[in-house]
Amino acid sequence: MRKMMLMVLALAAVGAGTVAGSAPASAYDYPWCVQGKGVGVPGDCSYQTYAQCTASASGRDVYCNVNPRAAFAQQSPRRGRFDRNRHYD
């Protein structure tokens, strides 16, 4: 029974490590994306500069474009509409 319990715990530890290791490497949407056939939509958006993007796209049948999620991101609304200290006439 003890061997069975140790085996279950070992398998659970391996499974937890696999799930934790499968998270995406980049948690940010950077401003430049490699786009084209086989890259998906909106593409591989892991480039901070256009130069990085073009270096990655070089020799492949892909191109660089602005990340649509970064370009058209909705800005958070301001908290208050009116300034208490401003006089509205």
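## Strands and their pairing

Two strands are taken to pair if DSSP finds at least two bridges between them. Helices (H or I, at least four residues) and strands (E, at least two) are DSSP runs, numbered from the N terminus. The structure described here is a predicted model, in which local features need pLDDT of at least 70, side-chain atom pairs count only at pLDDT 80 or more, and totals for chains, interfaces and linings use all residues. Residues are numbered from 1 along each chain as its sequence is written, and side-chain values use heavy atoms, with hydrogens and water left out.

Strand β1 (residues 32–36) runs antiparallel to strand β2 (residues 44–47), and two bridges join them. Within this pairing, Trp32 has Tyr47 of β2 as its bridge partner. β1 also pairs with β3, again in the antiparallel sense, over five bridges. Here Gly36 stands opposite Val62 in β3.

## Disulfides

The model holds two disulfides, a disulfide being a pair of cysteine sulfur atoms within 2.5 Å. When the bonded cysteines are numbered in sequence order, the pairing is 1-2, 3-4.

Cys33 lies in strand β1 and Cys45 in strand β2, so the pair ties together parts that are 12 residues apart in sequence. Cys33 counts as buried at 0% relative accessibility, as does Cys45 at 7%; buried means under 20% relative accessible area, exposed over 50%, and partly exposed in between (1.4 Å probe, protein chains only).

The other disulfide joins Cys53 to Cys64, with an S to S distance of 2.2 Å. The link of Cys53 and Cys64 is left-handed, with -110° about the S-S bond. Cys53 belongs to helix α2 and Cys64 to strand β3, so that distant parts of the chain, 11 residues apart, are linked. Both cysteines of this pair are buried.

## The nonpolar core

A nonpolar core is a set of buried Ala, Val, Leu, Ile, Met, Phe, Trp, Tyr and Cys residues joined through side-chain atoms within 4.5 Å. The largest such core has six residues: Val34, Tyr47, Cys53, Ala57, Val62 and Cys64.

Cys53 is in contact (heavy atoms within 4.5 Å) with Trp32, Cys33, Val34, Tyr47 and Cys64, residues up to four places away in sequence not being counted.

Ala51 is placed in helix α2 and is exposed, with a relative accessible area of 52%. The C-alpha atoms of Ala51 and Trp32 are separated by 9.4 Å, and the two residues are 19 residues apart along the chain.
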